[in-house]
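User: I'm new to reading protein structures, and I'd like to learn how to go from a picture to a description. Could you walk me through one, feature by feature?

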Amino acid sequence: MADHCCSSGTSGQTAGALPAPQPAAGTERLFRISAMDCATEETEIRHALSGLDGIRGLRFLLAERVLAIDAETAALNSALAAIRRLGFNPEPISPDHRPSAAQTRAEQRRERLRLAGSLALAITAELLHLVVPAYPGHELLEIGIAIAAIALAGFSVFRKGLAALRQGRLNINALMSVAVTGAFLIGRFPEAAMVMALYAVAEAIEARAVERARQAITSLMALAPDQAEIRRSDGRWQRVSATAVAIGAVVRVRPGERLPLDGTVLSGESAINQAPITGESLPVDKGPGDEVFAGTINQGCALEIQVTAPASRSTLAQIIQAVEEAQASRAPIQRFVDRFAARYTPAVFVMALAVALLAPPLLGFTPLQAIYKALVLLVIACPCALVIATPVTVVSGLATAARGGIIIKGGLYIEEARKIKVLALDKTGTITLGQPKLVAFSPRQEGADAGALKQLASSLAERSDHPVSRAVAAGLDGERLAVEAFEALPGRGVRGLIAGRPLMLANHRWIEELGLCSSDLEASMQVHERQGHSLSLLADESGVLALIAVADTVRPSSAAAMEALRSLGVTPVMLTGDNAATATAIAALSGIEEVRSNLLPQDKLEAVAALQASYGFTAMAGDGINDAPALAQADIGFAMGAAGTHIAIEAADVVIMNDELMRVPETIALSRRTFRILRQNIALALGIKALFLVLTVAGNATMWMAVFADMGTSLIVIANGLRLLRSPNLLTQSPLSSPGSPQA
């Protein structure tokens, strides 16, 4: 009949579900880890737990220093033992006793004071060494001040570093522990204090930067009010916690208030600002029967809404969950950086050892000079800037996309989208609005009772959830008849028994397969198809009883989106189950040159595979139900309309929350900009380290200069990554470049 197959109202469950809710309180356990405050610790813990079976999920709340583990009991015990072996002390806490925002701010304030005190003491020790003339006992004073500075800044670093050394791991904490201890032992007391203080400050800055990027996502949760005004059984209104509101309850939302829960409007008409969910810039008019979402803003009159989902399963909550899960995935470049850092750090450690042992006989250095240069190399080996370069950038990109109504399910896809060469698009509901209207009903036999035929057609159509069938049912009034043995045939239509009479509502393909097509019927269909109408044919075993035409309209943004895709070097291709004439007409209106029509769902999958063979990296945009096989086959799948129709988020890698096709080229542009920033950050981190390696061996680089440079590099890559959060328009922020630019 059109793009997708007709199906019964219950058949959409396999692909229509949104993500599973977050684990219940009984399965997810919270642990406070006081020494876990940056992306480095998160990476270490993830790596330590990656090989354990029975762990269903991990959530890191770095600002609160909390780790949530969803695991079986045996796996949980193994996970806690592995975390303790890393030098951390996980303390179980109750979900009701997680640190409040005020407690978190107070702890961060204490940490800032501690680091400021450490830095002040380190600077004091350095000034005493450089400025104040030697006097009796000055060395003891320097040692005392340096020890105090190191104790304030580096206690947790030493604990984690010693745990790593005991296990034979050369991580950042191990390197800093060795470097600071070595500097202290060779008499560089102020420098040892300065290195530890600067390192601790850099770690704190990195932790706050990662959290800022994450908060750009989690702050969405604050969009939904904590309380809802519900109608009690006696008719009175009462404010209660939104989490306590059950499905079916009636909630009142006053003008100017945010909606606390998802629901359906019962009474009232108003304009709703849906930007927090869909990214739409203009309010949407809502009235009785319309669906509304938690976190959106009622800008007009008061509304009474019947709740359709609990707070934990609202569309807003599921968006946040999807993006939080995406943060846990590693982009290819991030996995590369992790592997590189794992090899780079031991390599520099070996180089430092070689300098300490070989520099005196080969280069004429004194033993103390050689040891000092080796310690400087250890500081340079600290891969902080390199490790922080990717998570801040990736999470910033995910947050920017989410604020624009684009839910990207992982770092993999925000990086890989830049490679897209061709985009396959479903027609109905993707290129078109997916809201066709009945435009013609023509009985095929003279003297036929048109009213009776309309009743038969509407009875069959009412049982299907296909957009064309819904248009037929909505356009044909009258009493419905009982349909028995109803069946939906993908890519063909529906059939059933009405009063014992076998009837079908079929598309052109099915009628031809049944041998019921005639030259006269073909001529009539061609007239409609040339106008871009989609056709359904009411038929029984003897022949076609009526021709039914519905017309869909092209999305206003479709033509502009296709032009934007071509500007990015991406070729749009329409894949549709509709006939060639209708497909060509719609393609011409939307600016698509390549069209493949009369496709069953399996044909679409094969068409995507053929595009991959011809073009290379291929994306697919569809509605996520009958297009699920093609979405799964594509390198990246875009599901359209998740907020409006609860499309299967599982079937796609990217979900466009407002059916806006322009979001697809915006995603590609964001991916290219993200990857460009990732490469800049990695080049900066490696370039500055390479420079200091040369300066250390051939020049006069000092330990505190090395750690200061590392700190400065970290700040640069953090600031560069956070630039993605300031992207008002993704297409204007990224050049619409030629086909060769995806790698740029």
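**Reading the model step by step**

Analyst: Gladly! Ser118 itself sits in helix α4. Keep in mind that this is a predicted model.

User: Is Ser118 buried or exposed?

Analyst: The relative accessible area of Ser118 is 0%, so this residue is buried. The cut-off to remember is that buried means under 20%. Across the protein, buried residues make up 55% of the 744 residues.

User: How many helices and strands are there in the protein?

Analyst: There are 26 helices and 26 strands. To see how the chain comes together, look at contacts with a separation of 6 or more: residues 24 or more positions apart account for 71% of them.

User: What is the general idea behind a nonpolar core?

Analyst: In soluble globular proteins, nonpolar side chains tend to be buried together. Here, the largest nonpolar core has 52 residues, and those with the most contacts inside it include Met176, Val195, Tyr199 and Met703. Among the elements giving two or more residues to this core are α4, α7, α24 and α25. The largest share, 13 residues, comes from α7.

User: Which residues is Val195 in contact with, leaving aside its neighbours within four places in sequence?

Analyst: Val195 meets Met176, Val180, Val379, Met703, Trp704 and Val707. There is also a second, separate core of 46 residues, which includes Val394, Ile636, Val664 and Ile668.

User: How should I read the packing of two helices, say α24 and α25?

Analyst: Start with the angle and the distance. The axes of α24 and α25 are 9 Å apart, and the helices pack at an angle of about 170°. Angles over 145 degrees count as roughly antiparallel, and α24 and α25 are therefore roughly antiparallel to each other.

User: Which residues meet where α24 and α25 pack?

Analyst: On the α24 side they include Ile677, Leu684, Ile688 and Phe692, and on the α25 side they include Met705, Ala709, Ile716 and Val717. Sorted by type, the residues of this contact divide into ten nonpolar, five polar and two charged.

User: What about aromatic rings: how many aromatic pairs does the structure hold?

Analyst: The structure holds one aromatic pair. To read a pair, check the distance between ring centres and the angle between ring planes. The rings of Phe184 and Phe189 have centres 5.0 Å apart and planes at 65°, so this pair is edge-to-face. Phe189 has 9% relative accessibility, so this residue counts as buried.

User: Where is Asn598 found?

Analyst: Asn598 is in the loop between β23 and α21. Although Asn598 is not a glycine, its phi is positive, at about 55°. With a relative accessible area of 34%, Asn598 is partly exposed.

Conventions: Residues numbered from 1 in each chain as written. Predicted model: local features only at pLDDT ≥ 70, side-chain atom pairs only at ≥ 80, totals over all residues. Heavy atoms only, no water. Core = buried A, V, L, I, M, F, W, Y, C linked by side-chain atoms within 4.5 Å. Buried < 20%, exposed > 50% of the residue type's maximum accessible area, 1.4 Å probe, protein only. Helix = DSSP H or I, 4+ residues; strand = E, 2+ residues; numbered from the N terminus. Contact = heavy atoms within 4.5 Å. Axes fitted to C-alpha atoms, helices over the stretch in contact; angles between N-to-C directions. Parallel < 35°, antiparallel > 145°, perpendicular 65-115°, else oblique. Nonpolar A, V, L, I, M, F, W, Y, C, P; charged D, E, K, R; others polar. Phe/Tyr/Trp six-rings, centres within 6.5 Å; stacked < 30°, edge-to-face > 60°.
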